[in-house]
Amino acid sequence: IDAAEETYGKIFAAFAAIPIEQLSRDPAALAAGHNLFVNNCAQCHGSDARGARGFPNLTDDEWLYGGEPAQIEASIKGGHTGVMPAFGAGLPEEQRNLLTDYVLHLAGRQIDPARVEAGRPLFALNCSACHGVNGEGNQLLGAAKLANEIWLHGSSRQVIFDVITNGRTNQMPAQEPVLGADRVHVLAAYVYSLSKRE
């Protein structure tokens with residue numbers, strides 16, 4: 001390990017002096033970032049970085065905590081714990097069903113207008129503080145945007161009802177203790193490049 005660090009540490013240190021946006025166009029840095037990704041990230045986000053249920057797609061423009069270079073680097077460095085609270089104990093089943101209908105409405109699904117109106121005040125009271133009044137999400141909290149058809153845990157009515165009822169906790173582990181700041185910088189450039197492909 002020491003011999004490898006002696007050889008490769010200098011390369012990563014040189015990359016770390018270059019801004020992420022510029023580094024994201026450097027073929028050598030992208031090759032190194034790809035290797036870091038395959039060895040440290042692909043098991044959750046997939047080898048193509050398109051994610052899986054519960055693991056975000058890193059190739060689109062939907063970012064829970066922000067898709068700017070500094071935000072991506074911070075996410076990789078320190079990780080995140082996202083918590084969606086469970087409403088099963090506090091809300092009767094019919095209210096959770098109305099919330100489910102309202103969330104589906106926000107995503108553009110055809111829902112009975114009377115149920116949408118009945119769900120609107122429930123959403124305002126229970127969900128809008130994190131997800132926004134119109135379901136636009138909140139990157140400071142890592143609260144998902146609900147006003148689209150991009151779903152982290154699935155888009156069926158049953159799955160949405162389950163998330164509202166039981167909540168979810170997602171963990172993105174901090175990578176800086178494992179990789180070090182220089183390698184995280186290169187990895188952030190690679191991840192940034194994934195959503196900026198032409």
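## Exercises on helix packing and ring pairs

**Exercise 1.** In this predicted model, find which residues of α6 meet which residues of α7.

*Solution.* Start on the α6 side: Glu-94, Gln-95, Asn-97, Leu-98, Leu-99, Asp-101, Tyr-102, Val-103, His-105 and Leu-106 take part. Across from them, α7 brings in Arg-115, Val-116, Ala-118, Gly-119, Arg-120, Leu-122 and Phe-123. Now sort the residues of this contact by type, and you get nine nonpolar, four polar and four charged.

**Exercise 2.** Work out how α6 and α7 are oriented: what is the angle between them, and how far apart are their axes?

*Solution.* Two packed helices are described by the angle between their axes and the distance between the axes. Here the angle is about 100°, and the axes are 8 Å apart. Angles of 65 to 115 degrees count as roughly perpendicular, so α6 and α7 are roughly perpendicular to each other.

**Exercise 3.** How many aromatic pairs does a search of the whole structure find, and what kind of pair do Phe-12 and Phe-15 make?

*Solution.* The search turns up three pairs. For Phe-12 and Phe-15, the ring centres are 6.5 Å apart and the planes sit at 75°. Planes over 60 degrees apart count as edge-to-face, so that's what this pair is. Both residues belong to helix α1 (residues 2-16), and they are three residues apart, about one turn of the helix. Buried means under 20% relative accessible area. Phe-12, at 10%, is therefore buried, and Phe-15, at 11%, is buried too.

**Exercise 4.** Describe the pair of Tyr-102 and Phe-123, and say where in the chain its two members lie.

*Solution.* Begin with the geometry: the rings are 5.1 Å centre to centre with 45° between the planes, a tilted pair. Then place the residues: Tyr-102 is in α6 (residues 93-106) and Phe-123 is in α7 (residues 113-126). They're 21 residues apart, and the pair links distant parts of the chain. Finally, check accessibility: Tyr-102 and Phe-123 are both buried.

Notes: Residues numbered from 1 in each chain as written. Predicted model: local features only at pLDDT ≥ 70, side-chain atom pairs only at ≥ 80, totals over all residues. Heavy atoms only, no water. Phe/Tyr/Trp six-rings, centres within 6.5 Å; stacked < 30°, edge-to-face > 60°. Helix = DSSP H or I, 4+ residues; strand = E, 2+ residues; numbered from the N terminus. Buried < 20%, exposed > 50% of the residue type's maximum accessible area, 1.4 Å probe, protein only. Axes fitted to C-alpha atoms, helices over the stretch in contact; angles between N-to-C directions. Parallel < 35°, antiparallel > 145°, perpendicular 65-115°, else oblique. Contact = heavy atoms within 4.5 Å. Nonpolar A, V, L, I, M, F, W, Y, C, P; charged D, E, K, R; others polar.
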